[in-house]
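Please examine the structure shown below, and then follow the account chain by chain, from secondary structure to interfaces.

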Amino acid sequence: MDYSQFLAMKQEIGLLVVFLVVFLYDVFMPRKGVAADGRAYVKGTSLVAVISFAIFTAACFLCPCIYEPASAFGDMYVTTAVAATIKNILNVGVLIVLIQAMRWADSDIQVVRRGEFYQLLLITLFGMYLMMSGRHFLLFIIGLESASLPLAAMVALDKHRHESTEAAIKYILTACFSSAIFMMGLSFVYGLTGSLYFVDIASALSTQASTGLLTIAIGFVMAGIGFKLSLVPFHLWTGDVYQGAPTSVTSYLSVISKGATAFAFVVVMVQVFGQFYTAAWEWMLYALIILTITVGNLFAIRQRNMKRFLAFSSVSQAGYIMLGVIGVNEMALAALIFYVLVYIFSNLAAFGVIQAIENKTGLVDMDSYRGLCRTNPRLSFCMMLAMFSLAGIPPFAGFFSKFFIFTGALNQGSVAMYVLVLIALINTIISLYYYLLVVKAMYISPDECKVPAFKSATSERIGLVITVAGVIFLGLVSCIYDSILALCGVA
Amino acid sequence: MLFSNILIYFVVIPLLMLGGLALCRNIKQIRAVAVVGSTILTGLSVYLLVDYLGLRAAGESAPMLYCDSWTWFRDLNINLSVGVDGVSIAMLLLSSIILFTGSFASWKIEQPKAFFLWLVLLSTGVFGFFISVDLFTMFMFYEVALIPMYLLIGVWGSGNKNYSAMKLTLMLMGGSAFLMIGLIGIYYQSNAPEHTWDLLKIAEYGVNADWQNFLFVVTFVGFGVLGAMFPFHTWSPDGHASAPTAVSMLHAGVLMKLGGYGCFRVSMYLMPEAANELAWIFLILTGISVVYGAFSACVQTDLKYINAYSSVSHCGLVLFAILMLNTTAMTGAVMQMLSHGLMTALFFALIGMIYGRTHTRDIREMGGLMRIMPYLSVCYVIAGMASLGLPGLSGFVAEMTIFVGSFQEADTFHRVFTIVACCSIVITAVYILRVVGKLLFGPVQDEHHRQLTDATWWERLSTATLIVCVAAIGCFPNFFANLIKFTFDGAIFRAIGLN
Amino acid sequence: MNFEFEWNSIMFLIPSLFMFCCGVYGFLTRRNMIAILISLELMLNAVDMNFVVFNRFLYPGQLDGMFFTLFAIAIAAAETAIAIAIIINAFRISRDIDVKDLSKMKF
Amino acid sequence: MEATIPVLILAMPLLMFLFLGLFGKFLSPRVSGIIGTAGMGVVLLMCYYTAYVYFFSGSPEFINAEGNRLQAIICNVDWLQFTDNLIIRLGFLLDPISAMMLVVISTISFMVHLYSNGYMRDHHGVYERGFQRFYAFLALFSFSMLGLVVATNIFQMYIFWELVGASSYLLIGFYFTKPSAVAASKKAFIVTRFADLGFLIGILVLSYYTGTFNFTDMTSVPVAGMNDVYAVSAETATGVFNIFQSKAAAGFMGCSVMTWALVLIFMGGMGKSAMMPLHIWLPDAMEGPTPVSALIHAATMVVAGVYLVARLFPLFLVNAEFGGYALDVVTWVGAITAAYAAMVACTQLDIKRVLAFSTISQIAFMMVSLGVSREEFHNLGYMASMFHLFTHAMFKALLFLGAGALIHAVGSNDYTDMHGLRKHMPITHITFLIGCLSIAGIIPFSGFFSKDEILSSCFGNSIFAYVWMSAVAALTAFYMFRLYFLIFWWKEHKVHEGHHAPKDQPWTMTLPLIILAVVATLCGLIPFGNYVTWDGHPYDFMAHFNWTIAGISLAVAVIAILVAARMYKTENPLPAKMRQAMPRLWDWCRNRFYFDELYMFITHKIIFDKICRPIAWFDRHIIDGTMDGLATITNKASYAIRGLQSGNTQNYVWVYLIGALALGGVTVAVIFLFC
């Protein structure tokens, strides 16, 4: 075996190094800190994790070699400039998540477990890398599972809270079920084509007529990936898990996991089923998008818990992301990547505020946000920007990403796409409604605010500054989108 | 160079104002920033007007002047393109005047800093919209102008403000949803050699004939929502009723004009063939708007509702005239936009001032205000006279231009609707005089009102400015008509034989 | 190419499908979470069987299916391990592993 | 003629309006009264000068070699350009009728300005509140009215038409704390607005087909070798007719388009001139201060409708010649209104209302006169109408100002509060009597001549018209003398004794009365036909004077006066008996044939209750309800599907499974069924 082919996986190796640094530091450093309940812990784990990950992220950005296309393991693993970019984007997101999570991870309850949090998180990220770069369903499954199973543990991290455990159980059970269905679908695909390589499956499919079994198999595969993306009707875990999980985990779950899976979904659909049989999976996706956006919005309307609210908002956002998949062109792909990027920043800005408030007061209800602008004007300002960006209001980044994804989707020019985009656009009105509800609670409600004026921690502030800057500038600074589009054009 | 173009300052100055406001420490500084900024903007637009007329007099015949373009999103061909013609200049002038007067009208607002921040953000959007000739940029500014409305109404409004603010925002966003699909459709379906957002280029090459009808309808409806076209007007009464004074002024005065302007600039200008074919649908709707709004206004008892319905009627006339597709009517439409903008701003300013004193807007609870606050009452009468089309004030010239223009369309359908629209002048008189009679004349209804004071200097300044503008248009209409007309005489309409 | 099952493969596929359905049925009806996990194992094993059968009867020249099965077994084990850990934690908190009782968060 | 003075004629009142309006409150009432009166005096002189130059200078731009008077456009400025041809210009057209109107308006306006100095004060000489405003409004009205009569094009006329409406509104509602005044002003404005709608549409139709707004382009031909000088010509009007024939031959509802246009334009005139059924605002307009009634609602503004028809008379005439009905409509409306108003005037209590109905009736005379005017009778009717307009302005202003003096002295509008005032107010008595004699048509007072000409032209048209109008003339004499006797005779009033006894008013009020009385007496002797005819060609009235008709009408008038004297000179039961003899008729007349009630019914019960309210309801409940309904449906849907998220993991899995199966299954089914 030629071990040099591992060198093709530069980002994965870098990530493993970060993981090892954190792991070794956490395991072997003397436990000098003492938590409130008397248990000892290693000081500085968070800092090590964040700094090493920051170095890794920066290195990935700066090192040109990672953008070179490469493959390994007999083309089971393929990386391209686009994939590298997506990974970089996810890295930025993860970095923000880590920064935002520091305060929570360092809290008295979590401090003894925070090493596990960072390690599990890095492992799931690793799984996502594999998922995005895998060109063989075996590698894909391994990536998918290692991206989702540790997440269950992360969801359960708050182990004394009933909600956390409940969420974890719901997550693990549905995840397992979904992977079973997914693999069932795969087995049919395998039976029909005799290979698990994406390329081979595609070429095998291109020579045979469509059959019912294949369609059902595609449906199963879509359901399996749609589960991770929380597409309706595979989304039902989302609300409960987002609500129950520790907020840092929720934010990770909502942006990173979703972004990675979206990209993987594009790869699978385009590379495996894309050449042939477009009509079938596109119509399936068509239906899924409509359902996802609509149902997600309808559920989001009534939510009072901010995390649960953002869960359903993220369901509908996933629908918008899928508009980039259904477009099947480089513009749509670029729009999708850009959308994910913007979504990461916007959603993390919202979660940053939620975490800041939850860490201080333990309140996550929308009602407790009433009158927030009078006690914590800056936090509420950040939250408002995040909401506007998620709703797609200019001049914030969300507007641009939404506009581009619609532009990308309409590139096809079919009437059906116009109808789809129109439905999506009408749904933006509903989404605007519930995003404005938050703004209304913060700015318009005359009530006395339950959240007292407080000063948030430095890490939270840094996180918020980064995300808000992103929300404001990602769209206005055109070179970001232009470079993504250029990359996709090359790929 | 970005800053060598005069138009860009219409966006830069509001942005600087935003920065300045953010740094302000007390109300005096805030007022100073607002007044200085809006004065500069007004001065700038007057300068632009003069300069533009000079250029036209010198024989410039390009459809848009001061054109400039800076690449923004290269691959999508999105540019920050600016350029103006007479219509946009008229709108810029209107916006800056209303911003100026609006600043004075909100002299004593609570939480002034946040209020002015949002107000200036809103006007940034408005100015940006009027100077843009790039569909994307235009749309972006359009939405920038919409959303501050929510907070301005929600926070500073009165009455059922939560409901109204939400309804207004959602309905307008609904409009812009249609708009977005229309604009992207135009981007893809234009006959230009490469996909472009550039208005002038699209206008030059035209839009794919198969798609025009669809795109025309969605864009027209999209802008029509903001233009308060029946049956998409219901945000207007509630929204205006709840909005604070300056916001009502800016919204009715300028923002609703975005609708009319957009209808013309995008729907009609880019897709004249579809406009020609489908105008009748919207003519019916706008024709209904005109009388419907007027009739509804007749029985309202809330001052702002009356005015909001009157706006529905007047703005309906704007769209109605645009749809007539001839130079005269369209010129009239723009004059009506100017006129309605100024006079409705005046109305809302006055209503706000009266409300600030009496704390009621119900005309049944007020009366004989002429004795108590003569200045405001006289201004109200003048605004009313402008609204019902008294010669010498702006309403008359605008309406007459519209009616004469519309009557040039000789078929029965157009004739009937023109006459129906004409009827609005009677109904307008009914509701205006009803209000004037109940509110200002007659005996004093509420003895507590006798202690109230008349206008303060900033209120006087604000209203007097508007009245002077209304009278200026009313007395020297040809100046404005000539400013506007050039656009509609322009080559594009002529080329396809519609004019 | 028509997808024609050979008799032999059918002999194995029917039980695997049956197993899968049993697994699904169990998953949907059992209230004890351990039983649910067992049902899950049934489903996963059915998938494994599928892969092996397809490999063995349709594509005997390769080992893709076999390897997939091996990995799938490992994954199943990992899933179960994590699930059990969480279930144990749940039991610690509420002394109850009935899945119906875990519905505090809803709507 | 130089444009300076004509421009100043318009500019002066406008500037006075702005000056008094903006700075009036910084001036004392006395000063502003003096400024206003003096300003109007200057305007008066300028108008006289202009009229003098027009009629008597003999300049070739005003009169041609054959002695025909011409139309001269003194100045004309583009105000608003619609299309290449349709341009609103503001200009100054000088022709016989506009020159005459300048005289009328400036005279009456000046008298009223002067008179108001006295009238708008109480008995202690304290000025009424808003005195400055009053003068400002008077100036505004004068400006608008002068602008109206000198209009060079129909749109300019419309502009000033609206402006006089507005100033009338402001002046009627001068006592704005009085609800009745507010209601009256509103009514006046809205009713005339409604009529103006017809006018506007008429203008639109006319201008669309003729392609011009200019009067001169529609009714006159340019005089060769002169700029902006035109001669009225039936050929041009025929040309207009032909344009209509060629462009809109079909007509509409049985009438030609031209007829429609003219009738619609006449509708505007009906509104302003208070022709039935649009007359209802005028009696109510008497809520305004009496000088205003004299100026606006008797002498000037209300004759604008007559003036409008006269202005477009060649078109009407051509239309009639080719069988159009426009002029017949004018006649019929005029005839019915004249009789109606005269009947109503016989029963009113309020002296101003009597005068108001008398005004309506007299204007209807002018309308009839225009309506019966035909080429074959040398268009005597046109001349008669203008003549009557002139004399009527004088004597009606006189009557109104006299009534004002009475009201001011007594403090009431009601004649039952007056009775027997002849000894207390001798000057008022004499001047009022002159006015009454004049309107009754007694020789040698001015009314006799003008009315006689009208009756002559009616006689020329048809015997029916002549009889009808003569009867109305008799009624006129009757009700005027009824009024006169009831005010000044009937019986001595006890209240009138003592300190507060009514007496003649200060000189500012009596002087105008005397001047107007003199004018009203003498102006009938003016050889009007030399100055004002429809085509500018002098018409020697005396050559065509019909002594029989004159004699009959004089006799009728005298008889009517005697009847009135018998009934009302002294207190007697005869009027009551008459009333009992014809109760139904009396009731209808007293209640003005229930027109107000009818309008009330239409506006409130039908327009407000059956149109406005349902629309407002529809808007709030259906349109708004739909929008709210969409929101509610969304909310309901959201609530309805919440069961999906039951919190039970197994349900989630169920949904998942069904979703996954359906995704493939439905697609398979669709492909199977449709492909």
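Helices, in the sense used here, are DSSP runs of H or I with at least four residues, strands are runs of E with at least two, and both are numbered from the N terminus. In these terms, Pro231(B) belongs to the loop between helix H9 (209–226) and helix H10 (235–242) of chain B. The model is a predicted one.

The backbone around Pro231(B) deserves attention. Phe230(B) and Pro231(B) are joined by a cis peptide bond, with omega about 0 degrees. Pro395(A) is placed in the loop between helix H15 (377–391) and helix H16 (397–410) of chain A. Most residues other than glycine have a negative phi, and most peptide bonds are trans.

Asn77(B), which is not a glycine, has a positive phi near 65 degrees. Asn77(B) lies in the loop between S1 and S2 of chain B, and these two strands form a hairpin with four residues between them. Asn77(B) counts as partly exposed because it has 18 C-beta neighbours inside 10 Å. His359(B) likewise has a positive phi, of about 60 degrees, without being a glycine. The loop that holds His359(B) runs between helix H14 (327–358) and H15 of chain B. With 10 C-beta neighbours inside 10 Å, His359(B) is classed as exposed.

Strand S1 (residues 65–73) of chain B is antiparallel to S2(B), and six bridges join them. Phe73(B) is positioned opposite Ile78(B) in S2(B). How many residues of strand S2 (residues 78–84) of chain B are buried? Seven of the seven are, so the strand is largely enclosed by the rest of the structure. Both of its faces are covered: one side carries Ile78(B), Leu80(B), Val82(B) and Val84(B), the other Asn79(B), Ser81(B) and Gly83(B), and all are buried.

In chain D, four strands form an open, antiparallel sheet in the order S2-S1-S4-S3. Strand S2 (87–94) and strand S3 (220–222) of chain D each have a single partner strand, so one side of each is left without a neighbour in the sheet. Neighbouring strands of this sheet are turned by 40 degrees against each other on average, direction ignored. Three bridges hold S3(D) and strand S4 (residues 229–232) of chain D in antiparallel pairing; within S4(D), Ala231(D) is the bridge partner of Val221(D).

In helix H13 (residues 330–361) of chain A, 27 of the 32 residues are buried, so the helix is largely enclosed by the rest of the structure. H13(A) is followed by Gly362(A), which has a positive phi near 80 degrees. Elsewhere in the chain, Leu186(A) is found in helix H6 (residues 162–193) and counts as buried because 26 C-beta neighbours lie inside 10 Å.

Finally, the chains meet one another. The contact between chains B and D takes 39 residues from chain B and 36 residues from chain D. On the side of chain B, H18(B) gives the most, with nine residues. The residues on that side divide into 26 nonpolar, twelve polar and one charged. The contact between chains C and D takes eleven residues from chain C and ten residues from chain D, and the side of chain C comprises seven nonpolar, one polar and three charged residues.

Terms used: Residues numbered from 1 in each chain as written. Chains lettered and ligands numbered in written order. Predicted model: local features only at pLDDT ≥ 70, side-chain atom pairs only at ≥ 80, totals over all residues. Contact = placed C-beta atoms within 7 Å. Nonpolar A, V, L, I, M, F, W, Y, C, P; charged D, E, K, R; others polar. Buried ≥ 20, exposed ≤ 12 C-beta atoms within 10 Å, placed from the backbone. Pairing = 2+ DSSP bridges. Axes fitted to C-alpha atoms, helices over the stretch in contact; angles between N-to-C directions.
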